Amino acid sequence: QVQLVESGGGLVQAGGSLRLSCAASRGTFSNYAVGWFRRQTPGKEREFVAATIRWDGGITYYGDSVKGRFTISRDNTKNTEYLQMNSLKPEDTAVYYCAARSFYNVYRDYASEDKYGYWGQGTQVTVSS
């Protein structure tokens, strides 16, 4: 079973950039679709941010609130998924999680957090105004 560890979070001013990394171990990364989700309020559902749904990262989807600002990518040689976040806004403040799942039906439900079986511990991103 794959294990995921996020890194790269921190404090940044509005308009700045951060790159999050999701490193996978104990599994073959190219066997999984990988998504990023975020939780802005404790206890609330996680919001879909982005996903790569092809083994090489060649097909990507984004949540409406981050389109044009965030870019998801993967490097299978490093077993790592990235989330480049540009033009950050205070409303991007959240705990960001990466998650992995099988490719089965992923075109239909890539944004559904309950379809992802493997999760990292999360990394905090704080954007100051």
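Me: Buried means under 20% relative accessible area, exposed over 50% and partly exposed in between, with a 1.4 Å probe and protein chains only. Which is tyrosine 107, buried or exposed?

Reply: Tyrosine 107 is exposed, because its relative accessible area comes to 53%. Please keep in mind that this is a predicted model, in which local features need pLDDT of at least 70 and side-chain atom pairs count only at pLDDT 80 or more, while totals for chains, interfaces and linings use all residues. Residues are numbered from 1 along each chain as its sequence is written, and side-chain values use heavy atoms, with hydrogens and water left out.

Me: OK, and where is tyrosine 107 placed?

Reply: Tyrosine 107 belongs to helix H1, where helices (H or I, at least four residues) and strands (E, at least two) are DSSP runs numbered from the N terminus.

Me: Which residues is tyrosine 107 in contact with, leaving aside neighbours within four places in sequence?

Reply: With those neighbours set aside, the contacts of tyrosine 107 are Ile53, Ile59 and Tyr61, a contact being heavy atoms within 4.5 Å. Valine 127, by comparison, is 20 residues away from tyrosine 107 in sequence and 31 Å away in space, taken C-alpha to C-alpha.

Me: Valine 127, then. Which face of strand S11 has it, the covered or the uncovered one?

Reply: Valine 127 is on the covered face of S11 (residues 123–128), together with Thr123 and Val125, whereas Gln124, Thr126 and Ser128 make up the uncovered face. Across from valine 127 stands valine 12, and strand S2 (residues 10–13) pairs with S11 in the parallel sense over 4 bridges; two strands pair if DSSP finds at least two bridges between them. S9 is joined to S11 by 3 bridges and runs antiparallel to S11, with alanine 94 as the bridge partner of valine 125.

Me: Switching topic: how many disulfides does the structure hold?

Reply: The structure holds 1 disulfide, meaning a pair of cysteine sulfur atoms within 2.5 Å, and that disulfide is formed by cysteine 22 and cysteine 98, whose sulfur atoms are 2.0 Å apart. The pair links distant parts of the chain, 76 residues apart, with cysteine 22 in strand S3 (residues 18–25) and cysteine 98 in strand S9.

Me: Are cysteine 22 and cysteine 98 buried or exposed? And what is the angle about the S-S bond?

Reply: Both cysteine 22 and cysteine 98 are buried, and their link is right-handed, with 65° about the S-S bond.

Me: What is the strand order in the open sheet of 4 strands?

Reply: The order is S1-S3-S8-S7, with antiparallel pairing. S1 (3–7) and S7 (70–75) stand at the edges with a single partner strand each, so one side of each is left without a neighbour in the sheet. From one strand to the next the twist averages 15°, where axes are lines fitted to C-alpha atoms, for helices over the stretch in contact, and angles run from 0 to 180 degrees between N-to-C directions.

Me: How many bridges pair S7 and S8?

Reply: S7 and S8 (residues 80–85) pair in the antiparallel sense over 6 bridges, and threonine 71 stands opposite glutamine 84 in S8.

Me: Last one: what is the phi of asparagine 79?

Reply: Asparagine 79 has a positive phi of about 50° although it is not a glycine. Asparagine 79 sits in the loop between S7 and S8 and is partly exposed, with a relative accessible area of 21%. Asparagine 105 also has a positive phi, near 60°; asparagine 105 lies in the loop between S9 (94–101) and H1 (106–109), and is partly exposed with a relative accessible area of 29%.
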